[in-house]
Amino acid sequence: MQPLHILLLIAAYFGVLLLISYFTGKNSGNDAFFKANRQSPWYIVAFGMIGASLSGVTFISVPGWVEASQFGYMQVVLGYLFGYFVIAYILMPIYYRLNVTSIYQYLEQRFGIVSYKTGAFFFFISRVLGASFRLYLVAIVLQKYIFDEWNIPFEITVILSIILIWIYTFRGGIKTIVWTDTLQTLFMLIAVGMAIFYINDKIGWSFSEFLNSDELDNYNKIFFLDNFLAKGHFLKSFIGGMFITICMTGLDQDMMQKNLTCRNLKEAQKNMVSFSLVLIVVNFIFLLLGALLFIYSDQFDVSTPLMDGKAKTDLLFPEIAINGGLGIILAISFILGLVAAAYSSADSALTSLTTSFCVDFLNIEKKDKELQTGIRKRTHVGMSILLILVIIVFKHVLTENVISNLLTVATYTYGPLLGLFSFGIFTKYKIHDQYSWIVALASVLIIIGISNIPPELIGGYEIGYELLPLNGLITFFGLILIRRK
């Protein structure tokens, strides 16, 4: 598939998104941009959240991670399920009862303005880094398979990607995204199904033969229970996955902003529960695809693509889909699935960053009505520029698999949010609010120090995802120290 053909395909795809944006963005004010007027059907939100949760990271990076971790990622995914139930029945009732625009407004009502700003700040850092990880992943694929052919710099690729997102979100915001996410999820799931079908067909297997093959046995180990000291032990992964979900969904303005567009709490809970069950199945299918990619590369001598002279397993899926000789239909479905997966997460991230900055830092709801729209639009542009700069930096500093980097950063930045919300929900204490930011910052610094302890100094124990709940626990105890008598 030629670079020009790929570019035309992406242009047609964005034409559809712009059409959706045109209809959903008509006469849209700030309430539609931030809350979609609380009129979103729960089943539409649930289906769209599949794509937003998976994103380009799952679409490419999870299959590419199978060689290193087999199906061990399912241990984390099972933890996700329990986390979603905590969100549905503990956090959501609070958000709906308080009728918040930004979920961090809860911290202001519970503790005070400093805690509120602290929570919003840690979300802001978390979401900037998380969105940049996801966009970086799609940008390197577009760079390798389109823009390198034309000698266009990576920086230009990134700028074009962000501009496209800005164009279709600047008017309708979350009201537009609820509907574009539905389309993007559909394209992503079709692409995965097509890839599994065509690769099996090339190898000469039916799907059932693939599932019963000896080759799959080399990759499909799910539960790692033999060595508790190892980073991928089941208990560490499960607990880490549960808290990753609670933090990266339940305490994340990006993901919760979609849920808060549902008509009422009951519909939002139905959305969350149904979405969480489907997500387990979808993640397992991605891991099956990953195993199939490595089996195919072994049988047909497809080398793992290089980037900056280093093998990058994140690029194996696009290499096989586009250059693996499996036909134009798979190449087209992959490009559509990749772009859909990446932008279904990135567009909502840009909107949520705009929402959080406007509400949490600029106090837009207290400004004159005639000034609010202008503030929102300028902030939207500013967030776009910030994402561009961070993604460009990532090209020069990232060395590991992208999903591994993403989950590692989450353990640092979401821990203080976990501690603040847990302390607010499960205790009745008030705190000396002016010191809360010190507690949060100290917790992050302690966790960074713990994460860098060499395993040989602690009996060979490899620190993993359990850092996130530990981070929250340190924040929790820190807040006890500054409680008011």
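Predicted model: local features only at pLDDT ≥ 70, side-chain atom pairs only at ≥ 80, totals over all residues.
**Cysteines.** I started with Cys-247, which comes out buried at a relative accessible area of 0%. For burial I use under 20% relative accessible area as buried, over 50% as exposed and in between as partly exposed, with a 1.4 Å probe and protein chains only. Cys-358 is buried too, at 0% relative accessibility. I then looked for disulfides, taking a pair of cysteine sulfur atoms within 2.5 Å as the rule, and the count was zero.

**Ground rules.** Residues are numbered from 1 along each chain as its sequence is written, and side-chain values use heavy atoms, with hydrogens and water left out.

**Core.** Which residues have the most contacts inside the largest nonpolar core? I got Phe-59, Tyr-95 and Ile-199, in a core of 144 residues. A core here is a set of buried Ala, Val, Leu, Ile, Met, Phe, Trp, Tyr and Cys residues joined through side-chain atoms within 4.5 Å.

**Tyr-95.** I stayed on Tyr-95, which is buried at 1% relative accessibility. Leaving out residues up to four places away in sequence, Tyr-95 touches Val-100, Ile-103, Gly-250, Leu-251, Met-256, Leu-260 and Phe-421; contact means heavy atoms within 4.5 Å.

**Aromatic pairs.** I searched the whole structure and found 28 aromatic pairs. My rule: rings of Phe, Tyr and Trp (its six-membered ring) pair if their centres lie within 6.5 Å, and planes under 30 degrees apart are stacked, over 60 edge-to-face, the rest tilted. Tyr-95 and Phe-421 make an edge-to-face pair, at 6.5 Å centre to centre and 85° between the planes. Tyr-95 belongs to helix α4 (residues 73-98) and Phe-421 to helix α18 (residues 415-426), so this pair ties together parts 326 residues apart in sequence. Helices are DSSP runs (H or I, at least four residues), numbered from the N terminus. Phe-421 is buried, at 3% relative accessibility.

I also checked Phe-121 and Phe-122: their ring centres are 5.7 Å apart with the planes at 85°, so I logged the pair as edge-to-face. Phe-121 is partly exposed at 43% relative accessibility, whereas Phe-122 is buried at 10%. One aromatic cluster is formed by Tyr-95, Tyr-104, Tyr-106, Phe-123 and Phe-421.

**Charges over rings.** I count a charge as over a ring if NZ of Lys or CZ of Arg is within 6 Å of the ring centre and within 35 degrees of the ring normal. The charged end of Lys-236 sits over the ring of Phe-228, 5.5 Å from its centre. Arg-483 has its charged end over the ring of Tyr-429, 5.2 Å from the centre.

**Gln-143.** I found Gln-143 in helix α6 (residues 113-145), buried at a relative accessible area of 8%. Its side chain makes a polar contact of 2.4 Å with that of Thr-157. Such a contact is a pair of N or O atoms within 3.5 Å; within protein, one must be able to donate a hydrogen and the other to accept it, and residues adjacent in sequence count only if both atoms are side-chain atoms. Not counting residues up to four places away in sequence, Gln-143 touches Asp-148, Ile-152, Pro-153, Phe-154 and Thr-157.

**Positive phi.** Asn-151 is not a glycine, yet its phi is positive, near 60°. I placed Asn-151 in the loop between α6 and α7 (154-169), exposed at a relative accessible area of 70%.

Technical notes:
Helix = DSSP H or I, 4+ residues; strand = E, 2+ residues; numbered from the N terminus.
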